[in-house]
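Colleague: I am new to this structure; could you take me through it with care?

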Amino acid sequence: MTPPVMTPEDRFPAPPGHPHAPAVAAALEQLRFLLSGWQWQVYGDDLVAVLALRDEATSLRIWVREGGINLDVFCLRVPAHPHILTWVLAENYGQGFRARATRSEDDRVLIYVTADFPLTILGDLAQYIWLALESELRWRGRLMQVRIPEEPEGLSA
Amino acid sequence: MTQTSIWPLGDHVIEDAPDHPVMQAVAAALEPLRPALRSLTFDPPGPRSGLTLGLGSGFHLISIRQHTDDLLLLDLPVGDLMQTPEALCALLERNAGRDWAFRVDSVTPTAPPQCVVVLEHLLPLEDIPTLPARVLSGWRARILAQGLLDALNGQGDPL
């Protein structure tokens, strides 16, 4: 069966009727060169946009609530090893974009990079999206270098 | 260039391309990246034309220069690295099959000696229209490589 052809309108649908959607859409248009598509969802008073990154197997979620904006980017899937998770938590100290994680079914952990901002940044949202992507790359670049130490031999003897 | 930058430009400038066919083609190809640019300056006229652009919050500099009659050389400085065999081998191992390859520029005779690591990419002139994707892949490679350099310099693991 031939897969359906995605038109630009399919991949970049128009924003929904939400008071903050025009501002978010304007930011996304500025960064369209980075994106392969976006999706919109409205949950009650909340607005969510999920961006798919061009040439990158990652996505970024923008969640606009009454109290502020959350930016959340998928970073890396890592082993659920205490050394790695301790490293992540230690690295969180003082970071603007912090790491969070969810456990997957195969004893691995999905690391995301996340930050909350006040609604006043809406006019500069494109800049904050760019910052989120840079932070994710920095986190990924460092995480890729963390090595699980080998168990000392003879401990159990 | 017509779109506005997402960054405050301050004193930094976005120059127009000089009257040079390759640089005009490069500038036209870079147009989609305009919102992300922090600066764009062209070299004075010379035998090999070139430009330098600044990108992103870290003001990462990327130079694009005519390397030969058929090729552009894209350069992205990454940072300093201790000049040890282990560190240099680690860079060389990562050059296999990569679009962006590590090379070393100047060496500072400190103890231990430090060298400047650069990521580079060769682009045929006929592929100038693909420059935005190449520049973005270089920008990603450069930020990811910072973690590698930190680890090789012994600054990567706080535990």
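Predicted model: local features only at pLDDT ≥ 70, side-chain atom pairs only at ≥ 80, totals over all residues.

Modeller: Residues are numbered from 1 along each chain as its sequence is written, chains are lettered from A and ligands numbered from 1 in the order in which they are written, and side-chain values use heavy atoms, leaving out hydrogens and water.

Colleague: Which are the edge strands of the sheet in chain B?

Modeller: In chain B, six strands make an open antiparallel sheet in the order E1-E2-E3-E4-E6-E5, where strands are DSSP runs of E with at least two residues and helices are runs of H or I with at least four, and two strands pair if DSSP finds at least two bridges between them. Pairing on one side only marks the edge strands, which are E1 (37-42) and E5 (101-108) of chain B.

Colleague: Which element gives the largest share of the lining of the largest cavity?

Modeller: A cavity is a set of points, on a 1 Å grid over the protein atoms alone, where a 1.4 Å probe fits but cannot get out, and its lining residues have an atom within 4 Å of a point. Residues of both chains line the largest cavity, including A:Leu34, A:Glu136 and B:Trp139. Two or more lining residues come from each of helix H4 (125-143) of chain A and helix H3 (131-152) of chain B, and the largest share, four residues, comes from H4(A).

Conventions
1 Å grid on protein atoms, 1.4 Å probe; cavity = no way out; pocket = protein on both sides within 12 Å on 5 of 7 lines; lining within 4 Å.
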